[in-house]
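Student: Could you go through this structure with me? I'd like to start with a helix and then move to the sheet.

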Amino acid sequence: GQCSAHCPTGAIVEADETATAWNFLRGKENFTVVQIAPSVRVAIGEEFGYEPGTNLTGKLYAALRRLGFDAVFDTNFSADVTIMEEANEFVERFKHGKRELPLITSCCPSWTDYMEKLHSDFIPNFSSTKSPQQIMGVLAKTYYAQKMNIDPAGMRMVSIMPCTAKKYEITRDHEMFASGFKDVDVVLTTRELARMIRQAGIDFRHLQDHKADSFLGSYSGAGTMFGTTGGVMEAALRTAQFILTGEKMPKLVFEEIRGLEGIKETKVVIAQEEIRIAVAHGLGHVGEVLERVRRAKATGEEPPYHFIEVMACPGGCIGGGGQPYRVTDAIRKKRMQGLFADDRDKAVRCSHDNAEVQQVYNEFLEKPLSEKAHRLLHTTYHARPVYKK
Ligand code: SF4
């Protein structure tokens, strides 16, 4: 229901949809694929006795294959695609004056829903790029299906996500069906996946690491950071720098926007221009940042920020309501460190350097913000009424 879809703390338990996923896996005519969100890999271990923050990507791929998925994809790949679109949107606004600043990130469906109901004056500021979950779904049923000669009508996309708001996102608007098929068919939380792994009798701790499937499986360090507060912004800045200067960023890490402080700010100079950044997580902090922008607007001042990242949950998706229970700030920090370590260990740390991302643009999407990218990878927002009892 509406409440459980928007409960950021997970105090209201999700409707169990594991039966739907089992039915897809049993259906012989289906080609059932799966994606795992960035933050799931550093949290699911807590269900199997690991330290919080342990990165279990390889074991997760292995477990998903054992469950019977026909292909295993990684939402970190589509997070890289989201960055390609969003960083280009930012540059269009910042450099070419197209549309309003600040640009505000929109990959968190709790936040977009809240904004559409309570802050709809910010609709023009929203990034129109779909979230990584939706982009993975639509690319699987178009690009991947064409490449592999699979009928998308028989394809079922299951997402493993950190929250219940992602269950609502898949039917948010008609754009979530832009290819003619539903981008994503069912969403399971981290806890629901752990339940399926136990139901199947899989000995998770003894699984051998596996790899994800090609074309929609490889990811950069930027993609994996999507799961934590500050991570989307760092990822976007790496690629925005490349677009604005043609050079790779000498500095990949932005300490000022890491950590659990509710509102984080920094200024970055790219191509001699100062970009003012804010990162807010937890909806109370978001309200404060928006107020600052509104006040500047009302007095005709320059906007205090050019680019704002928002995530509804404290800590971002690593602290999502569908993650293992009993989260504390100490656990959030460990999960966050797990993602930053994954980034640090990657040879490729920028979305635009991901070879599979370059391939999907060369073979299918043409370029960021192309007509096709707009049709499949972007969405719109609308003011929505708030119903009161
Ligand atoms: Fe879901 Fe992440 Fe948003 Fe929390 S921050 S509601 S986990 S998308």
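This is a predicted model: local features need pLDDT of at least 70, side-chain atom pairs count only at pLDDT 80 or more; totals for chains, interfaces and linings use all residues.

Student: How far does α4 reach from its first C-alpha to its last?

Tutor: Helix α4, which covers residues 75–96, reaches 30 Å, close to the 32 Å expected for its 22 residues at 1.5 Å a residue. Just after α4, G97 takes a positive phi of about 65 degrees.

Student: And why is α4 described as largely enclosed?

Tutor: Because 17 of the 22 residues of α4 are buried, the helix is largely enclosed by the rest of the structure.

Student: OK, how do α4 and α10 cross?

Tutor: The axes of α4 and α10 (residues 231–245) come within 9 Å and cross at roughly 55 degrees, so the two helices are oblique to each other. The contact is made on the α4 side by residues including I83, A87, F90 and V91, and on the α10 side by residues including A236, A240 and I243.

Student: Which hand does that crossing have?

Tutor: The crossing of α4 and α10 is right-handed.

Student: Switching to the sheet, what is the strand order?

Tutor: The order is β3-β8-β7-β6, in an open sheet of 4 strands with mixed pairing. Strands β3 (103–104) and β6 (263–270) are the edges, each pairing on one side only.

Student: How many bridges join β6 to β7?

Tutor: There are 8 bridges between β6 and β7 (residues 273–281), and these strands run antiparallel; T266 stands opposite I277 in β7.

Student: Which helix packs on the sheet?

Tutor: Helix α11 (residues 283–298) does, touching β6, β7 and β8 (307–311), and its direction makes about 145 degrees with that of β7.

Notes. Residues are numbered from 1 along each chain as its sequence is written. The expected span of a helix is 1.5 Å times one less than its number of residues. A residue is buried if 20 or more other C-beta atoms lie within 10 Å of its own, exposed if 12 or fewer, and partly exposed in between; C-beta atoms are placed from the backbone. Two strands pair if DSSP finds at least two bridges between them. Two residues are in contact if their C-beta atoms, placed from the backbone, lie within 7 Å. Axes are lines fitted to C-alpha atoms, for helices over the stretch in contact, and angles run from 0 to 180 degrees between N-to-C directions. Angles under 35 degrees count as roughly parallel, over 145 as roughly antiparallel, 65 to 115 as roughly perpendicular and the rest as oblique. A crossing is left-handed if the near helix is turned anticlockwise from the far one by less than a right angle, and right-handed if clockwise.
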